[in-house]
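Below is a briefing on one protein structure. Please look over the sequence and the model before reading on.

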Amino acid sequence: MSAFKQRESSSSSAVTIGVDYGTESGRVVVLSLDDGQELASVAVAYRHRVIDRMLPGSQVPLPADWALEHPSDYLDVLRLGVPQALAKAAVAPDRVVGLGVDATSCTVIPVDASGTPLCLDPAWAHRPHAWPKLWKHHAAQPWADRLTEVAEDRGESFLSRYGGRISAEWYFPKLLEIFSEDRAVYDAMAGFVEATDWIVWHLTGLQRRNSCTAGYKAFWAPEEGLPNLAYFEAVQEGFRPEEKLGTEFYPLGTKAGTIRPEVAQPLGLSNEVAVAVGNVDAMVSVPAVGVNAPGTLVMVMGTSICHLTITREEVRLPGVTGVVKDGILPGWYGYEAGQAAVGDMFGWFVERCLPPEYHRQAKERKQTLFEYLEDLASQVPPGSRGLVALDWWNGNRSILGDADLSGVLVGLSLATRPEEIYRALLESTAMGTKRIVENFEQHGIGIQNLLACGGLAQKSPLLMQIYADVANLPVQVTDSDQVPARGSALFGALAAGSNQGGFDSMAEASERLAAPIRHRYQPDAERHQAYLSVYGVYRDLYARMGQDVDQICHRLTAIRRAERPTDVTAI
C-alpha cells in the first residue's frame, strides 16, 4: 500500500487541493502541507468521454481525426470531486489554503467575452468548431504543415525551439483551422483559451493565461514574445491570432486570484482559498517527483507519454516539441518530447481485439483483461516472436512530429497469439522512448535514468521492466499514482504562500512535498542484447514508414479521411 493513499489527517495543518484534468477523467487530491500525505483522492469520469464521432445532443457527424470534449465534464470534476475528496479526507474547509489546476494541452476552448464556451450557447452548439478541441484533435495537421512551411521559408527563429516542426496538437494550427473552415465561429469567439486557464477563470472570475502553455504550445518566449504579425499574415491573409490569444501570460507558481464566493460555497470551500495559475498535466509533475537537476527523463505516463528534462543552458535540437525557459522549473530550460499513443493504444487492443475466450478466462481468474494479458505477455520472451510495432496509433509526436502517421504492426503469422501482439505493443512504446533518449544524447543532453509516474507506471511492472531493458537505463516509479494532481496541489501551496501555511519557493515546496520512489527497475544485460536486434528493425521501419518519400502512412490516412464527412460549417 502506498504511503500516500488516502490517510486520515490527524493534525490541523494546512492542506491544498490539486485537480488534474486528463483525457477521459479528472482527479482531485487533498494534500497535507505538514507531511506531504495524500489525505484523499477522487476520480470523476467524464460523462461525454472523448467526442470523436458525433456532437452531443445532435446528429452532426464529425470528420476523421477530430477529438472534442464537453466543458460541463470539467465542471463536474469540481462539483463532484472536491466535496467528495474533502469528505474522505475529513478536512474542515478552513484548513484548505490553496488550489491548483492542470489539464491536457493543447486542449483549447472557444469562449465569448464572459468566458462562456460557445458550444453551451444553443446558437453555436451544432457547429463542431465551437467545441473544445482536445490535445489529440489531429485534423489540423494541414494547417500545422502550412505554419511550418512558412516559418521555414521566412527563417523564423522561433521554429528551432520546437524541433523544426509544428505539431497539429498545438494552439495555432487549431485556431487557424477554425479561421479557415468556419469564420463565423472564429469571429464570434472573444478568445481561444486553454482548458486549464478556463478552469482558473471559472474559479476566480479572472482570465490568467499561464506562461507554460503559451511557451510550449503557442510559440511564446519571455524574451521574444509571440511571432510577429507578418508571419501569420504570410500563413493566411487576415489571420491575426493575438486577438484570440492575448499577449499577457502569468508565470507558473503565481497566484491567479481567490475562489469566487458563488463557486466556493457549492464546493464546500472558503472564498479565501488561493488559486494558482494553471499548468500542464505533464509539466506540473516534475516538481512533484522532486527532479531538480539534469540527467533524469521524467515520463508522465497515461493515454500518452510526455518526456521532460531540464538543462541550465539552452540547446535547440530537432525532434523535441519545445524548449522553454522557466517552462517547467524557474531558472532552467525545460524540454518536452512525447509519444501520442501509449495507454490509448493498449486500451484499443484490449477493447477491440481480444477473442471471447480471453474475456472468459480473465473472469474465471478474477482478473481484469489488462491483468490477464500482463500475465500472459510476461511469459513471452523479449521480441522473440518476430513482431515489431510502430507506436503511431495517434500519430508521432517525437521525433517526427507528424500526426498523419498511423500504427504499424509487422511480423504477424497464423500462429500469432493476442498476448504476443500485446507484448509487441508494450515493447513499441519502450522503443519509442529509446529513440527519444537517443535524440537527446546525440545533441549533448545526457540521460542517466528514467523516472516514471502515472497510473500506467504503477499498474504494469512488466512494462516498466521492458523500458529498463530496451533503453538500458534504470527506471524509477514514484510512490503516487496521482502525480499530476499532487503537482497541482503543490502549486496551490505556492499560490497560498508561507503566510497562509504554504510555501514561497518552488525548491522548498518540491523538497517538502515530492513523492518518494516506490519501485526501481534495473536493466537486464541479456534481455537488452535480445532487444538490440529488434530495435534495429524498429529503427529501419521508423525511417521507411515515417521519413521516406513514399509516405505510405500518409496515403492510408488520406483514404481513411475520405470515408468520413468533411463539412463542419453550419448545418
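At what angle do the axes of helix H12 and helix H13 cross? The axes of H12 (residues 356-364) and H13 (residues 369-377) cross at roughly 100° and come within 9 Å. This is a predicted model, in which local features need pLDDT of at least 70 and side-chain atom pairs count only at pLDDT 80 or more, while totals for chains, interfaces and linings use all residues. Residues are numbered from 1 along each chain as its sequence is written, and side-chain values use heavy atoms, with hydrogens and water left out.

- Helices (H or I, at least four residues) and strands (E, at least two) are DSSP runs, numbered from the N terminus.
- Axes are lines fitted to C-alpha atoms, for helices over the stretch in contact, and angles run from 0 to 180 degrees between N-to-C directions.
- H12 and H13 are therefore roughly perpendicular to each other; angles of 65 to 115 degrees count as roughly perpendicular, under 35 as roughly parallel, over 145 as roughly antiparallel and the rest as oblique.
- Tyr358, His359, Gln361 and Ala362 on the H12 side meet Leu369, Tyr372, Leu373 and Leu376 on the H13 side; contact means heavy atoms within 4.5 Å.

**The seven-stranded sheet**

- An open sheet is formed by seven strands with mixed pairing, in the order S12-S13-S11-S10-S16-S17-S18; two strands pair if DSSP finds at least two bridges between them.
- Strand S12 (322-325) and strand S18 (517-521) are the edge strands, each pairing on one side only.
- From one strand to the next, the twist averages 25°.
- Three bridges link strand S16 (residues 449-453) with strand S17 (residues 475-478), and this pairing is parallel.
- Leu451 has Gln476 in S17 as its bridge partner.
- Helix H14 (residues 418-442) lies across S16, strand S10 (296-301), strand S11 (305-311) and strand S13 (333-339), and runs at about 150° to S13.

**Strand S4 and its partners**

- Strand S4 (residues 96-103) is mostly covered, as eight of its eight residues are buried; buried means under 20% relative accessible area, exposed over 50%, and partly exposed in between (1.4 Å probe, protein chains only).
- Strand S1 (residues 15-21) runs parallel to S4 and is joined to S4 by seven bridges.
- Val15 stands opposite Val96 in S4.
- Strand S8 (residues 274-276) also runs parallel to S4, with two bridges between them.
- Leu99 has Val275 in S8 as its bridge partner.
- Two bridges join S4 to strand S9 (residues 279-280), again in parallel.
- Asp102 stands opposite Asn279 in S9.

**Glu169**

- Glu169 sits in the loop between helix H2 (141-154) and helix H3 (171-181).
- Glu169 counts as buried because its relative accessibility is 5%.
- Glu169 and Ser105 are 64 residues apart along the chain, and their C-alpha atoms are separated by 8.0 Å.
- With neighbours within four places in sequence left aside, Glu169 is in contact with Cys106, Trp135, His138, Lys174, Ala340 and Arg397.
- The side chain of Glu169 makes a polar contact with the side chain of His138 at 3.1 Å, and another with the side chain of Arg397 at 3.2 Å.
- A polar contact is a pair of N or O atoms within 3.5 Å; within protein, one must be able to donate a hydrogen and the other to accept it, and residues adjacent in sequence count only if both atoms are side-chain atoms.

**Asn396**

- Asn396 is in the loop between strand S14 (388-390) and strand S15 (408-410).
- Asn396 has a relative accessible area of 6%, so Asn396 is buried.
- The Asn396 side chain reaches the backbone nitrogen of Leu400 at 2.8 Å and that of Gly401 at 3.4 Å.
- Neighbours within four places in sequence aside, Asn396 is in contact with Gly401, Asp402, Ala403, Leu405 and Tyr542.

**Cysteines**

- Zero disulfides are found in a search of the whole structure; a disulfide is a pair of cysteine sulfur atoms within 2.5 Å.
- Cys306 is in no disulfide, and its nearest cysteine sulfur is that of Cys212.
- Cys212 is buried, with a relative accessible area of 1%, and Cys306 is buried at 11%.
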